[in-house]
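Student: I've got a new model to look at. Can you walk me through the packing?
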Amino acid sequence: MSRSIERAQPYRGRTRRETLGLLGAGALGMAITPGSALAGGESETVLTEALVLRDPDIPVAGNPNGDITIVEYFDFQCPYCRKIEPELRQVVQDDGKVRLVLKDWPILGPVSIVAARMALACKYQDKYLQAHDALIGVNSKLTEPRINELLAGAGIDVDRATRDLASNAKAIDAILARNNDQATAFEFRGTPSFIVGKFRVPGVLTMAQFDQVIADARKALASKK
């Protein structure tokens, strides 16, 4: 992947209908339902609601049994992802009923891919969230030695992570491919980008705007019951 970052535009309530689209009924004009599919290269990737919101291979923070899911597509080297992370985590913690699904979307070059693959390899020692927080929480440029240093500092066995990456490379790369296929299908053009409930949010939100779109997602969910 060699896509350059495009600064995500902030969410504005007055243009919500333009910046938010219900999956299957919004700006995408594409239904995310069981059985729907998107052709991608030589393969066909099934983009079901279950895979977007509840892919069992994707790490989850917040409340795993929450009523609303936020899916974040991010790159560890993205300055906007780094900036928004503390606020996003605070919103999730304060709400208490939000699942935060962390989808690595390494679009800022080879080192981003290295970081994403190593972080996902840390799943095999149950330390993905520690790896994520260590890599997203720095302001400096990442390099391979710096990635290993940060992971070790977070209490991760880097040698084991390297071995796990080698042993599970196919599965890890399949996760990254799924994430990329989804982000491309949603027409996201930069990181961070979000799905909140069934709303597509291609941009940066403040804490107050996160609260509002979560409330909107709950209203949409309640209206279908």
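Student: What do the buried residues of helix 5 pack against?
Tutor: They pack against strand 5 (68-74), helix 3 (79-95), strand 6 (98-104), helix 4 and helix 6 (144-153). Helices (H or I, at least four residues) and strands (E, at least two) are DSSP runs, numbered from the N terminus. Contact means heavy atoms within 4.5 Å. This is a predicted model: local features need pLDDT of at least 70, side-chain atom pairs count only at pLDDT 80 or more, and totals for chains, interfaces and linings use all residues. Residues are numbered from 1 along each chain as its sequence is written, and side-chain values use heavy atoms, with hydrogens and water left out.
Student: Which residues of helix 5 are buried?
Tutor: Tyr 128, Ala 131, His 132, Ala 134, Leu 135 and Ile 136, in a helix that covers residues 128-136. Buried means under 20% relative accessible area, exposed over 50%, partly exposed in between (1.4 Å probe, protein chains only).
Student: New topic. Where is Asp 126?
Tutor: Asp 126 sits in the loop between helix 4 and helix 5. Its phi is near 55 degrees, a positive value in a residue other than glycine.
Student: Is Asp 126 buried or exposed?
Tutor: Exposed, with a relative accessible area of 69%.
Student: What about Glu 187, where is that?
Tutor: In the loop between helix 8 and strand 7. Phi of Glu 187 is near 65 degrees, again positive in a residue other than glycine. Glu 187 is partly exposed, at 47% relative accessibility.
Student: Which peptide bond is cis?
Tutor: The one from Thr 191 to Pro 192, with omega near -5 degrees. Pro 192 is in the loop between helix 8 (169-185) and strand 7 (193-196).
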